[in-house]
Amino acid sequence: RDTSVAAYSKRLFKRDVSRLTRHLRAFLVKSEHDDTAQDGQAHSVVDLEKEVKASLYEVLLAPALLWDEELADLFVRSLLKYRDLGGYLDWSEKLPGIYLLLVYPDLNVSVWAWEVIREAGEINEDDYLDVEEVVSWIV
């Protein structure tokens with residue numbers, strides 16, 4: 001068993017991906033159930049927001065997680081579903097993942113990212129240091 005820092009980081013990455021995948025999948029199942037709920041048991045947007053907002057934030061904070069295709073798909077579907085449910089991500093932080101989503105192939109996602117960036121304002125030197133790696137992925 002490899003005990004190097006790189007191997008440990010890889011195991012942590014896999015666990016994060018697994019945890020976030022489970023969480024986002026559960027959110028999508030609940031939100032889809034709510035769309036079709038006939039029994040009055042639908043979750044409120046507030047309840048669903050509490051369940052998904054932290055996961056969305058975590059992925060936007062650590063966008064390397066989006067290299068996992070399944071997680072990336074669930075993330076995008078969750079982000080758009082959350083938006084469609086009326087959820088609002090009020091972050092003044094300039095999160096690296098938002099910059100990565102500026103060039104995302106799905107127009108709904110890239111438009112969302114442009115709107116968030118526009119609201120967040122101009123990027124300063126400190127902000128750039130936080131998003132520099134992601135900008136290098138785009139360029």
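This is a predicted model: local features need pLDDT of at least 70, side-chain atom pairs count only at pLDDT 80 or more; totals for chains, interfaces and linings use all residues.
Colleague: What makes the chain's pattern α-α-α-α-α-α?

Modeller: The chain has 6 helices and 0 strands. Read along the sequence, that gives α-α-α-α-α-α.

Colleague: Why is serine 31 called buried?

Modeller: Buried means under 20% relative accessible area. Serine 31 has 0%, so the word applies. Serine 31 sits in helix 1, residues 5–36.

Colleague: What makes the pair of serine 31 and leucine 28 a polar contact?

Modeller: The cut-off is 3.5 Å between N or O atoms. A polar atom of the serine 31 side chain lies 3.0 Å from the backbone oxygen of leucine 28. That distance is within the cut-off, so the pair counts.

Colleague: Turn to helix 5. How do you know that its span is close to the expected one?

Modeller: Helix 5 covers residues 107–120, which is 14 residues. The expected span is 1.5 Å times one less than that number of residues. This comes to 20 Å, and helix 5 reaches 20 Å from its first C-alpha to its last.

Colleague: Which residues of helix 5 are buried, and why are they said to lie on the same side?

Modeller: The buried ones are Val109, Ser110, Trp112, Ala113, Val116, Ile117 and Ala120. They cover an arc of only 155° around the axis, so they share one side of helix 5. An α-helix has 3.6 residues a turn, so residues three or four places apart point the same way.

Colleague: Which exposed residues does the face turned away from that buried side carry?

Modeller: Leu107, Arg118 and Glu119. Exposed means over 50% relative accessible area.

Colleague: What is found at the two ends of helix 5?

Modeller: At the start, a side-chain oxygen of aspartate 106 comes within 2.8 Å of the backbone nitrogen of asparagine 108. After the helix comes glycine 121, with a positive phi near 90°.

Colleague: Which residues of the largest nonpolar core touch the most other members?

Modeller: Leu56, Phe75, Ile98, Leu101 and Trp112, out of 33 residues. Helix 1, helix 2, helix 3, helix 4, helix 5 and helix 6 each give two or more residues to this core. Helix 3 gives the most, with 8 residues.

Colleague: Which residues does tryptophan 112 touch, beyond those up to four places away in sequence?

Modeller: Leu60, Leu79, Arg83, Leu89, Ile98 and Leu101. Contact here means heavy atoms within 4.5 Å.

Colleague: How many of the chain's contacts join residues at least 24 apart?

Modeller: Among contacts between residues at least 6 apart in sequence, 71% do.

Technical notes
Residues are numbered from 1 along each chain as its sequence is written. Side-chain values use heavy atoms; hydrogens and water are left out. Helices (H or I, at least four residues) and strands (E, at least two) are DSSP runs, numbered from the N terminus. Buried means under 20% relative accessible area, exposed over 50%, partly exposed in between (1.4 Å probe, protein chains only). A polar contact is a pair of N or O atoms within 3.5 Å; within protein, one must be able to donate a hydrogen and the other to accept it, and residues adjacent in sequence count only if both atoms are side-chain atoms. The arc is that of the directions from the helix axis to the C-beta atoms. A nonpolar core is a set of buried Ala, Val, Leu, Ile, Met, Phe, Trp, Tyr and Cys residues joined through side-chain atoms within 4.5 Å.
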